[in-house]
Amino acid sequence: MHVVLVDDHQLIWNGTRRLLEEMHRETGGVAGTLQFQAVLDVEAACALPCSDVDLVLLDYHLPGLSGLPALQRMQQRFEGASVCMLSAESGSDHIRAVLEAGASGFIPKSYSEADMSMALRLVLRQRVYVPAEFVFSEDVVRGHEADEVGSEDLANFLRIDLSTRQREVLALALQGLPNKSIARRLDIAEGTVKVHLSMVYRALGVKNRVSALCRVLQAGATHALG
């Protein structure tokens, strides 16, 4: 397991390393040897080898390149890795912008060590971590459209009614992969990815992947995507 932390507060480095080491011990080293690297900014991160990185933890506020442009740069540099944003801000608009930009998760810096550990475990299992307060916030939860799949039926819909390819595309989209990366991973055209997502979003009654992710999480249906 190879983790890169990009944060200009070196006190965060030691705490994050300790937390990852504890998680690694608890799993008995199933994920292989833990390799942890911490750097102060995006420029330093881009100087690191990128071939075997599993997870990038990126602070939102950094010297130099920061915020969503920094996220985009890290996604380009560490294409095969999950890139998860850390931030002291946790407003709904802020979280939505980060997730819509394709982050593999959003972890508030105000989290306790236990909550941080839970979030990191989820991201390391190739899932997207979203704070529960965002998933169930008033501006995210909407009324159901007449033709959309109800929450109680959502897991069955994902498992039975979607084609295998649609399930694969949706699962990768909800991991934060951009359409181009999904197309490359599945060896299909990017246009085909867009068509699959459009059809699934319509059935879910949503317009984008962030709302789709929230619907799946609200219904507790992530297991249906494999």
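**Surface.** For accessible areas I used the Shrake-Rupley method with a 1.4 Å probe; for residues, only the protein chains shown count as cover. By that method the chain exposes about 11000 Å². Carbon and sulfur atoms supply 51% of this area.

**Ground rules.** I am working on a predicted model, where local features need pLDDT of at least 70, side-chain atom pairs count only at pLDDT 80 or more, and totals for chains, interfaces and linings use all residues. Residues are numbered from 1 along each chain as its sequence is written, and side-chain values use heavy atoms, with hydrogens and water left out.

**Overall.** I took helices (H or I, at least four residues) and strands (E, at least two) as DSSP runs, numbered from the N terminus. The chain has eleven helices and five strands. Its C-alpha trace spans about 50 × 40 × 40 Å along the principal axes.

I then checked the radius of gyration, taken over C-alpha atoms, against the globule rule of 2.2 Å times the number of residues to the power 0.38. For 226 residues a compact globule would have a value near 17 Å; the chain has 18 Å, so the two agree.

Next came burial: buried means under 20% relative accessible area, exposed over 50%, partly exposed in between (1.4 Å probe, protein chains only). Of the 226 residues, 48% are buried.

For contacts I required heavy atoms within 4.5 Å. Among contacts between residues at least 6 apart in sequence, 65% join residues at least 24 apart.

**Charges.** I counted Lys and Arg as positive and Asp and Glu as negative, leaving out His and the chain ends. Each charge was placed at NZ of Lys, CZ of Arg, CG of Asp or CD of Glu. The chain has 22 positive and 28 negative side chains. The centres of the two sets lie 6 Å apart.

**Aromatic pair.** Rings of Phe, Tyr and Trp (its six-membered ring) pair if their centres lie within 6.5 Å; planes under 30 degrees apart count as stacked, over 60 as edge-to-face and the rest as tilted. My search of the whole structure found one aromatic pair. Tyr-111 and Tyr-129 form it, edge-to-face, at 6.1 Å centre to centre and 80° between the planes. Tyr-111 lies in the loop between strand E5 (106-108) and helix H5 (113-124), and Tyr-129 in the loop between H5 and helix H6 (132-135), so the pair ties together parts 18 residues apart in sequence. Both tyrosines are buried.

I also looked at Asp-115, in helix H5. Asp-115 is partly exposed, at 32% relative accessibility. Its C-alpha is 9.9 Å from that of Pro-131, 16 residues away in sequence.

**Helix H11.** How many of the ten residues of H11 are buried? I found eight, in a helix that runs over residues 209-218. Among them are Leu-213, Cys-214 and Val-216. Their cover includes helix H4 (92-100), H6, helix H7 (154-161), helix H8 (164-173), helix H9 (179-186) and helix H10 (190-204).

**Helix H9.** Here Asn-179, Ser-181, Ile-182, Ala-183 and Leu-186 are buried. The buried residues of H9 pack against H8, H10 and H11. Just after H9, Asp-187 takes a positive phi of about 60°.

**Pro-63.** This residue sits in the loop between strand E3 (55-59) and helix H3 (67-77). Pro-63 is partly exposed, at 39% relative accessibility. Leaving aside neighbours within four places in sequence, I found Pro-63 in contact with Asp-8, Leu-40 and Asp-41. Val-42 is 21 residues from Pro-63 along the chain, with 8.5 Å between their C-alpha atoms.
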